[in-house]
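The points below can be read with the sequence and structure open.

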Amino acid sequence: MTQNWPLWEVFVRSRRGLSHTHAGSLHAPDAEMALRNARDLYTRRGEGISIWVVPSTEITASSPDERDPFFAPSADKPYRHPTFYEIPEGVRHL
Amino acid sequence: MTSTGTGSDVVRTSAALALGDDALILSHRLGEWAGHAPVLEEEVALANIALDLLGQARVLLSMAGDEDELAFLREERSFRNLQLVEQPNGDFAHTIARQLYFSFYQHELYAELAAGDGPFGPLAAKAVKETAYHRDHAEQWTLRLGDGTEESRRRMRTALDGLWKFTGEMFQPVDGVEVDWAALERRWLAALTGVLERAGLALPEGPRTGAWAAGAGRQGLHTEPFGRLLAEMQHLHRSHPGASW
């Protein structure tokens, strides 16, 4: 079954959502069926939403073993974060 | 409704029963798949379609009377559903072939009813979105089974051929359902032909009505498996008459 029904990852953007969020995964024979199954399983057919499906094999994940060298250096360099500026009044959407 | 006489009420009631019974009985058949579908995802899809149909049945039967009484206390001869929808599930291909024939029919029918201003307009306007999905689901699976393995193609062809004789009944005019039945049948055939061609399958040959079918489901004449379906569906209600749940 895993051969003919590969795993797909599902990303859903809700009607008022700004971005696609990972909702879960499912098995489907191809992308078309994956979309339809995702609709049934993760959206209850609510209208006005967007679904992405991606074969799980297409996703490359960062490795948990390398988490420290991978992410730690950014934490001790505060100058990388633009947190020292006072935001002028009147500037919106920041 | 003030100007409608008893005559048109009777027509309206029998039309609501015909459409409502189609939805109710097919919903019951699809419900039988719960826990038995080929994969979990398909299980959810079939259950979704069954729930859509049950919702339609409830609205339609309520137009004709008390929905529970109509569903659970009528005898076989009082049901007005098409013989197609009462056919057993068979293998997955049989279920898909039945869905293909019926959902294409129901979608064309409701699209036309939704555009009109008859008593079924409001229901049809809501249900036509559901039937579009049912139709798409049946189409997707017909393409995959027809264009799948040797075995899946053989099964799909057997199923299409086996159910073909029940399709003629769909286009017998129903009193009170104001659509152009001949045009409906032409659109149904054209759409079906298109899908079957893409699936590498052909339109079945042979008559679309059984020679033995003196009248049919719309007249209350049903095939043998229907009695067992009703026995199962109505058992609890008949064992505890008057109970509420």
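**Notes on pockets, cavities and contacts**

1. The largest share of the lining of the second largest pocket, six residues, comes from α2(B). Helices here are DSSP runs (H or I, at least four residues), numbered from the N terminus. At least two residues of this lining are supplied by each of α1, α2 (40–64) and α3 (67–72) of chain B. The lining has 15 residues, and Leu24(B), Leu54(B), Arg58(B), Ala71(B) and Phe72(B) lie nearest the centre of the pocket. The volume of the second largest pocket is about 260 Å³.

2. A word on the model and its conventions. This is a predicted model, in which local features need pLDDT of at least 70 and side-chain atom pairs count only at pLDDT 80 or more, while totals for chains, interfaces and linings use all residues. Residues are numbered from 1 along each chain as its sequence is written, chains are lettered from A and ligands numbered from 1 in the order in which they are written, and side-chain values use heavy atoms, with hydrogens and water left out.

3. Pockets and cavities are found on a 1 Å grid over the protein atoms alone: a cavity is a set of points where a 1.4 Å probe fits but cannot get out, a pocket is an open set with protein on both sides within 12 Å along at least five of seven lines, and lining residues have an atom within 4 Å of a point. Grid points are joined across faces, edges and corners, and a volume is the space filled by probe spheres set on the points.

4. The largest pocket holds about 450 Å³ of space. Elements giving two or more residues to its lining are α5, α6 and α7 (150–163) of chain B. Of the 17 lining residues, Trp141(B), Arg144(B), Leu145(B), Thr149(B) and Ser152(B) lie nearest the centre.

5. Arg144(B) also takes part in a salt bridge with Asp30(A), where the closest N and O atoms are 2.9 Å apart. A salt bridge is a side-chain nitrogen of Lys or Arg within 4 Å of a carboxyl oxygen of Asp or Glu. The rule finds two salt bridges across the interface of chain A and chain B. About 1300 Å² is buried between the two chains, 54% of it on carbon and sulfur atoms; buried area is the accessible area (1.4 Å probe) that two parts lose on being put together, summed over both. Chain A puts 15 residues into the contact and chain B 13 residues, contact meaning heavy atoms within 4.5 Å.

6. There are three cavities of 30 Å³ or more in the structure. The second largest cavity has about 40 Å³ of space. Its lining draws at least two residues from each of α1 (6–31) and α5 (92–115) of chain B, and α5(B) gives the most, with five residues. Among the lining residues are Leu19(B), Asp22(B), Phe102(B) and Tyr105(B).

7. Tyr101(B) is also found in helix α5 of chain B. Tyr101(B) has a relative accessible area of 0% and is therefore buried (under 20% relative accessible area, by a 1.4 Å probe on protein chains only). Leaving aside neighbours within four places in sequence, the contacts of Tyr101(B) include Leu84(B), Trp164(B), Trp188(B) and Pro204(B).

8. Thr142(B), in helix α6 (residues 121–146) of chain B, is likewise buried, at 0% relative accessibility. Not counting residues up to four places away in sequence, Thr142(B) touches, among others, Ile96(B), Leu100(B), Met156(B) and Leu201(B).

Technical notes. Buried means under 20% relative accessible area, exposed over 50%, partly exposed in between (1.4 Å probe, protein chains only).
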